[in-house]
Structure formats: structure tokens, C-alpha cells
Amino acid sequence: MKENRETTGRENWSGRLGFILAAAGSAIGLGNIWRFPYITGENGGGAFILVYLLCVAIVGLPIMICEITLGRHTQRNPAGCFAMLTPKSSLLSHFLGAGMVLTGIALLVFQSYGWGIAALVLGALVFRKSWRLVGIMGVLTGFLILSYYSVVGGWAIGYAVKAAANQLSFDSMEPAKETFVNFVSNPLPVIGFHLLFMLLCVLIVYKGIQKGIETACKIMVPLLFIIMLMLILRGLTLPGADAGIRFCFTPDFSKLTAQGVLIALSHAFFTLSLGMGAMITYGSYLGKDENIFGAAVWIVALDTLFAILACLMIFPAVFAMGFEASEGPGLLFQVVPAVFHKIPFGPLWAVLFFLLLLMAALSSGISLLEVVTAYLVDERKWPRHQAVVLSGIVIFQLGALCAVSLGDWEAMRGTEKIITACFGGAKASFFDLIDNLTSNWMLPLGGLFIALFTGWIWGVRKAIEEIRHGSKNFADVHLLTLMAGLKDDPSHNGGTHPLTLATLWGIFIRFVCPVAILITFLHTIGWLNLTP
Ligand code: TRP
């Protein structure tokens, strides 16, 4: 680890715990606490959670390992990583480029102009840039996600302030909803809080890897866990809470749609911070003697734990108090104050909760900002401080547009019509557009390409060589030996076994992950129909 720092001049994590907490901090965020409960509510509960867990295990974990490996091997940001590993010419990327151009033409024929033009432009770019595009797209995705993520982070600050001013004591749905809608559609304060959130992100990333990001996460992640446990206890002891538990854990597959499966898959990417190279960037600061398999399992497990905890926190209260489970993005902001209303010192707890929500959002926001920063530092040779501040300013401006687009703002009326006309469907704002585009399309697409690239271009063999550093014989013992806990038993780990973690992972990266993502995509576009 030390050697790395001296030879490349790159800062590293202080060690295993630092990396795991920082990566878990990136993964655990608004995705778990705010987004997961409301999409679970909209998609029918238990069955959706099951599909989501499947997506995490089958697609999330292998790609998590893949991204960390790519990062540690190249010691670069995503764009630099792909620029370094892309071969001179690649038949697969030409093939993909041509496929996208054809898809674009087909979409235009079906009069889906927005998506059609997007596919055409993307296809042409794939042709020119080949795999380098995956890294560039990753940096761009990080940029876009942070712009609206920061707006929601700002809502958390706003709600903390409201709670402190004791403006959040409702015991029924109507006033809770009204307060939320009024709050988000009033642009000026929302932009102010969004600015504050961006400032905090910039401040932490400005301080660097160990002092900034690592320290912040080491404090925030454990604190978050404790306060969530307390909230869960309160929710569970409300009369009528059992309906909420049943909603989460009794799967009713008739409520699950194909759209729901896509949402589960794309959420798996979103919540694990995958598909755009955040984990490539974090992995690039990881020492050679750390165990990648072990770290990845920890990160994924912690993230899943927090998602389930969030559901346990929200749904018992939702049902006990007669809220709608399918309330949408406002769910968390409406339910939590109502729960706090019912306990002694309610406003105090509410302030604490929204501050912690803010921390969860911050520890994720900084990972997005770090990707953009690392790109500017590695590839454009900017000084780190300049890179952080300038990208912060530009992202703030884009985010301000997102914030305004949710309000009743004269100037945004036109854009809303254009967006709705181009991309069809329900009335969409700029905020919805960026959210939908990045999380439902760019992240799974990025994940698909990262898996294809590692499996078929860079090669599983080189990846496994990288993984072997620091993993002792983890990668190469027979799976049964590993499960039985006989990994270090001398009579069990001689020779070469066909069924090891290494081979299993290779098969997932080459076949299972790409096929799973492709099927989901084709289903969404409507070119494949598996529902009976
Ligand atoms: N995973 C975070 C969450 O659940 C959000 C996030 C941080 C993210 N970095 C990312 C999402 C990179 C996608 C890609 O809130």
C-alpha cells in the first residue's frame, strides 16, 4: 500500500475498514432510505423486494467485484481506466455501435424521436471511441446524478430546519402531503438548501481521500445505523404495524410488472453505486494487499441491510397511520414526521433523523463528486482543489434547473412540454428526465458494458490475477472447501479445481450479468415478452 503511494503519488485509504466504510457510505444513501421504500410501495411490496434481492446477488455483487478490480489495477478514474485498457481495435464495440444505430433508426420509425436520436448519437460515438466511451459516459453520469441527488439532499436539510422550527407535527396524511408539495415546489429555498448540500460535498472532497472522505464516512455510517434502529422500534410498536411487515415480507407476484423488474434491476445499480465507475474510482485508492472479494461482500451486505431496515422503518408506520404505500417520492418526507409526532421530544428526534439522512446523502454525494474530480485531476491534469470547486459550481447550476423544474415556474413550462412530447409518457419534468435517464438507462447500460469489457476484452484471466493480490487462496479453492471453512486446510487446497470463486465469477461476468441486463432492457423496450 505504501509502495503504491510512493510510486504513483496517489493517496490511498488507510486500510480495509476505511475502504469498506467509504464504499458502504457511497452505496448507502438516499437510494436506500428515500428511494427504495417508495419504489417498493409503488410496485407492490414483498415480490418486488425479492426480485431486487435477486438482482443484487446475481448482477450487483459480480459487477461490484469487477469495478473494484478495474480500479485497483489501473489506479485511475473510470475514463482513464478504460482509456488504458481499451485495445487498438475491437470488433465487439463496432458491432455494438452498429446495433445502436439500427435501434435508433427503428425507434425513429416508431416515432419515438427523443430516444431514437439518443440511440443514433450514442451508436456513432461507440463506433468512434470504442470502449473508452464507457469511462467517459461514467463521468458524465456521475455529473448528472449528483445534480439532482443534491437537490434531494437539500430537501433533507430543509426538513431538518422545519423540524427544528417545529413545523412538522402532523398526525394525518393530508397536512403532511400538503407541506411536502408546497416545500418542493417553492424554488428559492430549495435552491438555497441545494447550494448548502453542494458546499458540504465540495468541502469534504476538497480535503482529500483519508482526511475528507474516509473520516466523514467512519463517523456517519455507524451513527445512521443506530438512529434507524430506534425509529424501527418506535414504528413497530404502533398499533396496526403488522400490516406493514406483511406488506414487506409476503410476496404477491400478481402485483409485479415487467416495468417493476427493470426498476428493481436499475435500483440495484443505483443503490450499490455501480454502472458509472464510482467503485472504479474508490477501488483505485485501494491497497494491493486488500481482499477484493471480501470487501465487495461486505459493501453489498451492508447496503442491503440498510435497504431492508429502511422498509422496516417506513412501512409499519405507513400502515399504522393509514398513509398510502404508493405515495411516491414524498413517502419518506411525509411518513417520518408523522411517526415522530407520536413520541416524546418528537421534534428533537425529527431533527436528528433528517440530519442523519443528510449524512447518508453526503457520504454518497461525495463519491459522485470524487469521480468527476479524479477525472479532471488524472486526465486533464487540473490541481485537485480547482477541480473540486469548479465541478461543484457547474453541478450546482444543473441541479438548480432540476429544482426549479419541480415548481410551478413560468420559465420552465415550455421545457416540460418539450420533454413530455419527446419522451412520451406521463407529464415529465427536467428532474424526472435526468433521474429516469441516468438510473434506468445509463447505469444498467454502463454495468452491461463494464461486464462485457472485463469478460470479453480485458479478460477474466487478467482480472483474476489482480484479485489474487491480497485474497490469499480465496479465489482458487474449491467452492465446497470454501463453504465448509476448510480453506486453509493443507490437504484441501492443493491442485487446481474447476469450481472456485474465480471461475464462478468469470461465468457471471461473461454470461449471466450481460444476459440478465439485456433481457430486462429488451423487455422494457417491448421487443421481448416473457410474461404469460
Ligand atoms: N448509492 C447511492 C444511494 O444509494 C447513490 C450513489 C452514490 C450512486 N454514488 C453513486 C448511484 C454512483 C449511482 C452511481 O443513494
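The model is predicted.

A search of the whole structure finds 29 aromatic pairs. In one of them, the rings of tryptophan 115 and tryptophan 441 have centres 5.3 Å apart. Their planes meet at 40°, so the pair counts as tilted. The two residues come from distant parts of the chain. Tryptophan 115 belongs to helix H7, residues 113-129. Tryptophan 441 belongs to helix H20, residues 430-468. Tryptophan 115 is partly exposed, at a relative accessible area of 22%. Tryptophan 441 is also partly exposed, with 22% relative accessibility.

Helix H20 also takes part in a pair through phenylalanine 453. The partner is tryptophan 131, and this pair is tilted. The centres lie 5.5 Å apart, with 50° between the planes. Tryptophan 131 sits in the loop between H7 and helix H8 (132-164). The pair therefore ties together parts that are 322 residues apart in sequence. Both tryptophan 131 and phenylalanine 453 are buried.

Ring pairs also build a cluster. Its members are Trp34, Tyr38, Tyr148, Trp155, Tyr159, Phe180, Phe183, Phe193, Phe333, Phe353, Phe354 and Phe431.

Arginine side chains lie over aromatic faces as well. Arginine 35 is placed over the face of phenylalanine 270, at 4.7 Å from the ring centre. Arginine 510 is placed over the face of tryptophan 456, at 3.9 Å from the ring centre.

How values were computed
Residues numbered from 1 in each chain as written. Predicted model: local features only at pLDDT ≥ 70, side-chain atom pairs only at ≥ 80, totals over all residues. Heavy atoms only, no water. Phe/Tyr/Trp six-rings, centres within 6.5 Å; stacked < 30°, edge-to-face > 60°. Helix = DSSP H or I, 4+ residues; strand = E, 2+ residues; numbered from the N terminus. Buried < 20%, exposed > 50% of the residue type's maximum accessible area, 1.4 Å probe, protein only. Lys NZ or Arg CZ within 6 Å of the ring centre and 35° of its normal.
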